[in-house]
Amino acid sequence: MEVKICSYSDSDYVAFKEMLTTCFHQDYNEQLTEDQLDRWQNALIRRAATEIVFLDILFIDDIAKGFILYQIDSQESDWCVKEGYGTIREIYVTADLRHAGHGKALANHAEKRLSTKNIHGMYLTTEEVAKEFWTKMGYRDSGEICSENDSPIFVK
């Protein structure tokens, strides 16, 4: 099994859209319309092109099987909770490959990439179902609640 994590490219558009659709509809149980998904996806791709956010795709044997969206919080981004901190905004691995270390690989990849950019630290928001995963990754509950999504903020 060959595992690669690569920056998003235009050739990943269809696979990324399929993963976003599955992520929102099945994992988050949000029934976004095709138009809403297209607008959200295209906005993310535009931001990734300017390196306001970073979007990387997980490939297993050259098939897209996951993604991670991360950034350095700044006034230029549409999400800025802790200016100067790196944040993991979204992480996704297809259901058939979960619990095999791929989420950890994506998170480590993003942390390593952000650590070269003079950040103050890392944070993320999480739902109850993922708290154990992020705790094992070295994040701790800060006791703060994010005003953007009403979720607890975990820091590292």
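## A walk through the fold

Let's start with charge: the protein carries 17 positive and 27 negative side chains, and the centres of the two sets lie 4 Å apart. Here Lys and Arg count as positive, Asp and Glu as negative, with His and the chain ends not counted; each charge is placed at NZ of Lys, CZ of Arg, CG of Asp or CD of Glu. This is a predicted model, in which local features need pLDDT of at least 70, side-chain atom pairs count only at pLDDT 80 or more, and totals for chains, interfaces and linings use all residues. Residues are numbered from 1 along each chain as its sequence is written, and side-chain values use heavy atoms, leaving out hydrogens and water.

Now for the fold. There are 4 helices and 7 strands (DSSP runs numbered from the N terminus: H or I of at least four residues for helices, E of at least two for strands). From the N terminus, their order is β-α-α-β-β-β-α-β-α-β-β. The C-alpha trace spans about 35 × 30 × 30 Å along its principal axes. Of the 156 residues, 42% are buried, meaning under 20% relative accessible area with a 1.4 Å probe, protein chains only.

Technical notes. Buried means under 20% relative accessible area, exposed over 50%, partly exposed in between (1.4 Å probe, protein chains only).
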